[in-house]
Amino acid sequence: MNNKTIFIIQVLSLSFIWVLFTGIAVWILNLIKVSLALKDAPDASVAISIVAIPVFFTLASVLTYVFIGLQRGRKE
C-alpha cells in the first residue's frame, strides 16, 4: 500500500470512531429521555452513560491523539 491509501484508511478510522462515539452518546441520552417520558426509573440508563460515554470518549481521543502525533512525526 502506498502512503496515500494508508492516510485515507487512518482518516476513515478516525471518522468512524467519532461517529461511533456520537451515536452511542445520542443513543444513551435518548434512552434516558424515553425512560423519563415513560415515568420509568432511568437508573440503568444513567449507570450505563456514566461508564460508556467516558470510555468511548477516551478511546476516540486517544486514537485522535495518536493519529495527530503520527502525522506530525512524518512532516518533521
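Trainee: How do you know that the 35 residues of helix H1 (residues 3-37) span what they should?

Mentor: The expected span is 1.5 Å times one less than the number of residues, which gives 51 Å for H1; the end C-alpha atoms are 51 Å apart, so the two agree. Helices are DSSP runs (H or I, at least four residues), numbered from the N terminus. This is a predicted model in which local features need pLDDT of at least 70 and side-chain atom pairs count only at pLDDT 80 or more, while totals for chains, interfaces and linings use all residues. Residues are numbered from 1 along each chain as its sequence is written, and side-chain values use heavy atoms, with hydrogens and water left out.

Trainee: Why is Gln-10 called buried?

Mentor: Buried means under 20% relative accessible area, exposed over 50%, and partly exposed in between (1.4 Å probe, protein chains only). Gln-10 has a relative accessible area of 18%, and is therefore buried. Gln-10 lies in helix H1, whose buried residues also include Leu-14, Ile-17 and Phe-21.

Trainee: Which residues does Gln-10 touch, not counting residues up to four places away in sequence?

Mentor: Gln-10 touches Phe-67, Leu-70, Gln-71 and Arg-74, where contact means heavy atoms within 4.5 Å.

Trainee: What makes Lys-39 count as exposed?

Mentor: Its relative accessibility is 77%, so Lys-39 counts as exposed. Lys-39 is in the loop between H1 and H2, and has a positive phi of about 55 degrees although it is not a glycine.

Trainee: Why is Val-46 called partly exposed?

Mentor: Val-46 has a relative accessible area of 33%, and is therefore partly exposed. Val-46 is placed in helix H2 (residues 43-75).

Note on methods. Helices (H or I, at least four residues) and strands (E, at least two) are DSSP runs, numbered from the N terminus.
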